[in-house]
Each structure stands twice: as C-alpha cells, then as structure tokens.
Amino acid sequence: MTAERIYDTVADDFSRVNDLIIQRLSSDVPLVEKIAQYIIESGGKRLRPLLVLLSSQAVGYRDNDHLKLATVIEFLHTATLLHDDVVDTSDMRRGRRTANARWGNAPSVLVGDFLYARAFEMMVELKSLPIMEVLSHATAVIAEGEVMQLMNIKNPDLTEDRYMTVIHNKTAMLFEAASHTGALLAGASGDQERSLQDYGKHLGLAFQLVDDVLDYRGDAGAMGKNVGDDLAEGKTTLPLIHAMAKGSEDERQLIRQAIRKGGLDDLPHILDIVERSGAIEYTMAKAREQAALAAECLESLSESAHKEALVLLTELAVARVS
C-alpha cells in the first residue's frame with residue numbers, strides 16, 4: 001500500500017513519462033529500438049524518474065520539463081544496466097533474460113551507447129547548464145564505480161569504507177542526481193537543493209544495502225535473480241565483510257576462498273555463517289541509518305503530498321526484507 005500511495009501521487013505524470021520514453025526510443029535501426037524497448041519494458045520500478053517527479057514538485061515545480069528530465073534519468077539508468085549485464089555476464093534481470101543473453105554482447109553495448117546519446121540529446125533540450133553539469137558528472141562517477149567494482153571482483157580484502165564508496169558511485173549517484181536535478185529544474189533555494197541532493201544520496205545507499213541483504217535472504221521470484229548471485233560473481237558485499245570480521249578463523253577462510261573462486265559450492269554453509277554472525281542485522285541497521293538520514297533531509301521542505309511520498313520512499317527502501 002505504501003508503494004501504491006507513492007506512485008498515485010504522480011500517477012498522471014508517471015504515465016506521461018512512460019509515453020515519452022517509448023516515443024524517444026524511436027530509431028531508424030530496428031534492432032536498436034527492439035533491444036531498448038525490451039530492457040525499458042522489463043518491469044523496473046522506475047524509481048529514479050519517480051524521484052525527479054517527486055523532488056521537483058516538492059519544491060513547487062509546475063511546468064512540464066520534469067517529464068523530459070525523468071526520461072533522461074531513465075535512459076541513463078537503462079544504459080548502465082545494459083553495460084552492467086555484459087560486464088557481469090548476467091543472463092537474468094527482473095525475472096527475464098538479459099538483452100545480452102538474447103542478442104549478444106556487442107548489440108547490448110552499442111544500444112547502451114545509443115541510450116546515453118539520446119539522454120544527452122534530451123538534456124540539451126532542457127537548456128540548463130547546471131543540470132547538464134550534474135548529470136555529466138554523475139555519468140562519469142557511475143562509470144568509475146563500475147570500474148571500481150570490476151577491480152574488486154574476487155577481492156576478499158575489500159573494506160567496509162571502500163565498499164560504501166563503490167555503492168555510492170555505482171548506485172546512489174544516480175538517485176542523488178535525480179533528486180538534485182529535480183530541485184535545480186524547479187529553481188529551488190540553495191538549502192532545498194542541497195537537502196534534496198543529500199536525500200537522493202542517502203536513499204540510494206539504503207536501497208543498495210537492502211539489495212545486498214536480499215542476495216542472502218531474498219525471494220528469486222520477487223527479486224528476478226537467485227539468492228547467492230553476488231557470491232557466484234565473486235562480489236564482496238557488506239554481509240560478507242561483516243561475516244568475515246565476526247566469524248571464526250575457519251569461517252573467515254571459507255568465505256575468502258568462496259569469494260576468490262566464485263560459484264556457489266559453499267553457499268549453504270556461507271548462508272549459515274552470514275545469519276549466525278549477525279551480518280544481516282548489521283547491514284540492515286546501516287540501511288535504516290541511511291533511510292533515516294534521507295528522511296531528515298526533507299524536514300526543511302514545506303508539507304505537501306510530494307514531500308510525504310518522498311518520506312514514504314525512505315520507509316519502502318528498508319521494508320523489503322521480511
């Protein structure tokens with residue numbers, strides 16, 4: 001019901017954004033359009049464009065360019081998904097085969113490039129240098145985050161601080177850019193702009209922390225991927241970092257070995273260690289801390305349905321773990 005209330009707040013605008021996404025995906029190259037539509041229509045929650053709609057209107061925006069900005073954000077996000085799946089050699093996302101699994105790596109990378117280019121075309125149409133500055137910087141930071149994650153694949157020595165930097169760059173940065181540019185579009189005051197920028201950052205961190213918990217305590221049907229997928233790829237996330245810090249020497253060595261080799265041979269034992277070490281509770285506490293910081297950022301905004309929806313998003317971020 002919480003999610004329904006959030007989306008109902010901007011239902012008409014959300015529908016218009018979906019229409020604009022389809023309209024601006026048009027291409028004279030049929031395969032470009034087919035792959036782009038496939039990934040766009042694959043059932044995502046459109047959280048980042050939702051942030052644009054809510055943030056801009058929470059500080060008084062009443063024109064229509066927020067629809068175009070929301071579409072830009074979704075195209076940037078979709079381009080990163082296409083590239084991520086190639087890098088990770090993923091074959092499933094959101095319960096469906098990935099584009100690279102269906103059409104191959106080369107078309108997926110090139111269509112990702114097309115979406116980046118289309119996003120920047122639309123960005124120019126907004127005629128706002130501050131928005132272009134934020135989004136171009138965010139795109140560079142996200143790419144750096146992807147490289148950082150790649151460098152740390154099968155690295156059991158990743159520290160918690162370094163992990164937080166990676167998830168900020170890779171995931172939270174686009175949440176931050178979405179709420180920040182929403183504020184810029186609305187001509188928000190300096191304090192409001194900073195508050196919404198920080199809100200997006202903390203919200204994005206909360207969502208990623210919970211996603212990392214769900215890799216060890218999730219539902220494949222709901223997640224669209226299987227429990228243990230991160231471990232299978234050799235990704236060192238906070239539940240594993242904490243489990244290594246709190247487990248016995250034998251348990252720590254088992255996790256280190258599993259990260260180094262990838263795969264799921266030791267998954268049942270590692271799931272048990274993660275549970276017994278308190279790693280799930282520790283990571284969820286960090287996620288709740290980030291969600292609370294996000295909610296605090298909204299305190300200076302005037303009361304409105306859009307502000308209420310932004311607050312509810314912070315609750316939704318951490319309510320996905322049973």
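Okay, quick definition to start: the expected span of a helix is 1.5 Å times one less than its number of residues. Helices here are DSSP runs of H or I with at least four residues, numbered from the N terminus. What we're looking at is a predicted model, where local features need pLDDT of at least 70, side-chain atom pairs count only at pLDDT 80 or more, and totals for chains, interfaces and linings use all residues. Residues are numbered from 1 along each chain as its sequence is written, and side-chain values use heavy atoms, with hydrogens and water left out.

So, helix H14, residues 249-261. Its 13 residues reach 18 Å from first C-alpha to last, close to the 18 Å expected at 1.5 Å a residue. Just after H14, Gly-262 has a positive phi of about 70°.

Next stop, Phe-120, which sits in helix H7, residues 105-125. Buried or partly exposed? Phe-120 is at 27% relative accessibility, so it counts as partly exposed, the class between buried and exposed, with exposed being over 50%. Setting aside neighbours within four places in sequence, Phe-120 contacts Leu-76, Ser-136 and Thr-139. There's also Met-132, 12 residues from Phe-120 along the chain, with 8.3 Å between their C-alpha atoms.

Notes
Helix = DSSP H or I, 4+ residues; strand = E, 2+ residues; numbered from the N terminus. Buried < 20%, exposed > 50% of the residue type's maximum accessible area, 1.4 Å probe, protein only. Contact = heavy atoms within 4.5 Å.
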